[in-house]
Amino acid sequence: GATSITTVTIGGSIYALVVGYHGGGQILNIPDPYNITNASSISEGTQYPELLGATSITTATIGGSTYALVASRDDDGVQIINITDPYNPINASSITDGTRYPELDRPHSITTVTIEGSTYALVASFRDNGVQIINITDPYNPTNASSITDGTRYPTLYGATSITTATIGGSTYALVTAFDDDGVQIINIDDPYNPTNVSSITDGTRYPELDGAHSITTATI
């Protein structure tokens, strides 16, 4: 079943990118929403080894090219795909949970952010109870920036399910929902290689509607 969707504009056309849990992705050309056409399909396999159990998709524009980033729960990893030509996507790189990237076990959510000219992917991982920050400035050679784990320093990351970012007063923050901790962890990521805890919010009298927190976004009003 389809699990996540996002949109992107490439060459003046709007495309919808959809991923499915069973290991695939569909790129749809939607400039006319009443007459949607298929641009291309992507399937788990030798060319794209990190798509099984795909749960979240986002995009980033880097160096004039457009990339899709997919977090895959069953493959415990991230697939980066060059979609500059949506009709002919190509694999850029694959990232897998392990020694190099220790916080990618059962990733549930992915987002991207640009900080001081560099682009980073932030992944919230349910089983690892944490966040993996990856430098994707070179999408063909991503590198680990830092790993964040539930514990004394970050007490509200157990069962991390969703992640987003916000820039406030010139600083960049990651906000993470934690299903099992029934709350939200706010992290300062101005230095993605040395993130710091800002605050934790937990279900209770003050915040009575955070039980089983599962998804998060931000808005400026």
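Residues are numbered from 1 along each chain as its sequence is written, and side-chain values use heavy atoms, with hydrogens and water left out. As the model is predicted, local features need pLDDT of at least 70 and side-chain atom pairs count only at pLDDT 80 or more, while totals for chains, interfaces and linings use all residues.

Rolling a probe the size of a water molecule over the atoms shows where empty space is left. The search ran on a 1 Å grid over the protein atoms alone. A cavity is a set of points where a 1.4 Å probe fits but cannot get out. A pocket is an open set with protein on both sides within 12 Å along at least five of seven lines. Lining residues have an atom within 4 Å of a point. Grid points are joined across faces, edges and corners, and a volume is the space filled by probe spheres set on the points.

The largest pocket has a volume of about 260 Å³. Its lining holds 15 residues, and Ser56, His108, Ser109, Ser162 and Ser215 lie nearest the centre. Strands β5 (54–62), β9 (107–115) and β13 (160–168) each supply at least two lining residues. Strands are DSSP runs (E, at least two residues), numbered from the N terminus. The pocket lining divides into 3 nonpolar, 12 polar and no charged residues. Here Ala, Val, Leu, Ile, Met, Phe, Trp, Tyr, Cys and Pro count as nonpolar, Asp, Glu, Lys and Arg as charged, and the others, Gly among them, as polar.

The whole structure contains 1 cavity of 30 Å³ or more. About 70 Å³ of space lies in the largest cavity. It is lined by 13 residues, with Gly25, Ile27, Ile42, Ile57 and Ile81 nearest its centre. Elements giving two or more residues to this lining are β2 (13–20), β3 (24–29) and β6 (65–72). The cavity lining comprises 11 nonpolar, 2 polar and no charged residues.

Ile81 also belongs to β7, where it is buried on one side with Gly77 and Gln79. Val78, Ile80 and Asn82 are buried on the other. In total, 6 of the 6 residues of β7 (residues 77–82) are buried, that is, under 20% relative accessible area (1.4 Å probe, protein chains only).

Strands pair if DSSP finds at least two bridges between them. β6 and β7 pair in the antiparallel sense over 6 bridges. Ser72 stands opposite Gly77. The hairpin has 4 residues between these strands, and Asp76 takes a positive phi near 50°. β7 also pairs with β8 (residues 90–96), in the antiparallel sense over 6 bridges. There, Ile95 of β8 is the bridge partner of Val78.

Definitions and conventions. Buried < 20%, exposed > 50% of the residue type's maximum accessible area, 1.4 Å probe, protein only.
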